Amino acid sequence: MLGLLLSAALISFVCTDDEEQFRLPTLKGNAFLADPFANTEVLGTVWKPSLSHKGDGSKFDGLWSVETSTDNKEDMGLVVKDKAKHHAISAKLNTPVDFTDLHANQKPLIVQYEVKYQDSMECGGSYLKLIAEGDAEFTHDSFNDKSVYSIMFGPDKCGLDSKIHFIINYKNPVNGKVEEKHAKASENFKDIFTDGKSHLITLIIEADGSFEILVDQNSVNSGSIHSDMSPAINPPAEIDDPEDKKPEDWDDKEKIPDPEATKPDDWDEDAPKFITDPDAVKPDDWLDDEPEYVADPASNKPEDWDDEEDGDWEAPQIPNPKCEEGNCGVWTPPQIPNPEYKGKWAPPLIDNPNYSGVWAPKKISNPDFFEDKTPFATLMPIVAVGIEMWTMTKDIMFDNIIITDSRNTADEWAAESWNKKALREKLASSGDSVIEQAVDLATENPVMWVVYAGVVLVPVVLIYFLCCRGGSTSGSATDNLAESKKTDKVTPDDEQEEEEMPGLEGEDEAGEDEAEEKEAEEKEDDDAPVKRRTRKAD
């Protein structure tokens, strides 16, 4: 019963939701970029393919398209159309991301987008590059794999190796060199490449340098850019002296062979490791002359076998049933370890009297040392977002990309886009029970708990009134009806009918006549029995 009620609630919700006109998410708050890919016109105006080449000279010849997904004919996204090709496309931000301003106002940077592998991912990337501000103005045409990015973020997979990149290109304030800083590996996300569903990928970097990576709003990695990047943003204060060399007489062997040890006279280096067991005896049931295989006695020569054309027929061979325990053939005694075996002699090791210890170059002050206590504030400004990738999987869809400085803005954007999309995909493909789906639905939409309460409680209340309270009233009415039939007791309905039905004209006279006739009939009935009794007495 509960399952039926919840099924009705689920169907009602999904149908109502499907009947609503498809709506794009609306931006509520500030965003450096927020693109729901509302129409095909964004390709070529907002998002422009690169006309450049890779560093090795190969072209970015992979095609892009803004189109609907295979299971939703209204929701569009940016789609990679070719496999085994290089793709590059970019969009400029509405306003640049200045990390100094974000830090001063204690605001985070949030990068969030949807990715859907409509075909199971084989090998390729699906990450975003947040292009750093350079000396020259950024142009879409020149975007390539050598374009300097401030942050690279997103999934990547090839074969069994999969990861979610979070890489910072950090510029050393002392020597001006840019070096990649990699976050530790993320966990519990690998199903996104094969389940065919839309997935929400989110990066949050707080002003204090802490970061969190989420997949479908579940945390898969967290840490701090201060301490959890490799190599570390802040270099060590001291480094190994590159000019220091290990002395030629440095002895780093802790143990050496004892020079005074000699091989014992009775040490036989030629003794074998195993010997034949001298105590072994051939078992009594051993069959020396039995072959391992015999002709199959159940096999017969085919009727169409021609000895002249096909040769002499031979039955197929089968394992000899007498040798099932491995007791056929030439018997040989088993091998046992040789108690006299000692192997190659070697002198024992002793402490090296000339041991100098483990050598290491001396430390010197790091000429490129610096200490950045607020690395978030010094990240390179961002002017554009690009997708530069090679893939062996086509039809990878990117959707609802947003770069903002507000968690509420990102959450509300997801609530109007991915949350609804993911729920529909789950209900469409889930093999869970009705109750499990109902719980999942209510988790995503808390208002459904109210719906469930109404669906379950209303029937319970009705049943209570009909079966409990209504039952006692019905029983009393039944008893009164039975009594009235037995005793001609006047019931309230009779009284009401008498009151509501006025007499007809001539009713009194007819009533008197009927009364007289009835009285006469009763008199005749009284006389009849007396006459019968008189005749019987005679």
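Colleague: Quick one to start: is Asp399 buried or exposed?

Modeller: Asp399 is buried, with a relative accessible area of 1%. Buried means under 20% relative accessible area, exposed means over 50%, and partly exposed is in between, using a 1.4 Å probe and protein chains only. Bear in mind that this is a predicted model: local features need pLDDT of at least 70, side-chain atom pairs count only at pLDDT 80 or more, and totals for chains, interfaces and linings use all residues. Residues are numbered from 1 along each chain as its sequence is written, and side-chain values use heavy atoms, with hydrogens and water left out.

Colleague: Where does Asp399 sit, and what is it in contact with?

Modeller: Asp399 is in strand 25, residues 396–404. Helices (H or I, at least four residues) and strands (E, at least two) are DSSP runs, numbered from the N terminus. Leaving aside neighbours within four places in sequence, the contacts of Asp399 are Pro36, Phe37, Asp75, Met76, Gly77, Tyr113, Glu114 and Lys421. Contact here means heavy atoms within 4.5 Å.

Colleague: OK, zooming out. How many helices and strands does the chain have?

Modeller: The chain has nine helices and 25 strands. Of its 538 residues, 34% are buried. If you take contacts with a separation of 6 or more, 75% of them are between residues 24 or more positions apart.

Colleague: And the accessible surface, what does that come to?

Modeller: About 33700 Å², and carbon and sulfur atoms hold 51% of that. Those areas come from the Shrake-Rupley method with a 1.4 Å probe; for residues, only the protein chains shown count as cover.

Colleague: Switching to charges. How many salt bridges does a search of the whole structure find?

Modeller: It finds 26. A salt bridge is a side-chain nitrogen of Lys or Arg within 4 Å of a carboxyl oxygen of Asp or Glu. One of them joins Glu388 and Lys54, with the closest N and O atoms 3.7 Å apart. That pair links distant parts of the chain: Glu388 is in strand 24 (residues 382–391), while Lys54 is in the loop between strand 2 (48–49) and strand 3 (64–69), 334 residues apart.

Colleague: Are Glu388 and Lys54 buried or exposed?

Modeller: Glu388 counts as buried because its relative accessibility is 7%. Lys54 is buried too, at 15%.

Colleague: What about Asp395, which residue does it form a salt bridge with?

Modeller: Lys81, and the closest N and O atoms are 3.1 Å apart. Asp395 lies in the loop between strand 24 and strand 25 and Lys81 in the loop between strand 4 (72–80) and strand 5 (85–97), so the pair ties together parts 314 residues apart in sequence. Asp395 is buried at 13%, whereas Lys81 is partly exposed at 27%.

Colleague: Last topic: which residues touch Val294?

Modeller: Not counting residues up to four places away in sequence, Val294 touches Pro316, Gln317, Ile318, Pro319, Asn320 and Pro321. Val294 is in strand 19 (residues 293–295) and is partly exposed, at 22%. The C-alpha atoms of Val294 and Ala315, 21 residues apart along the chain, are separated by 9.1 Å.

Colleague: And Phe274?

Modeller: Phe274 is in strand 18 (residues 274–276) and is partly exposed, at 46%.
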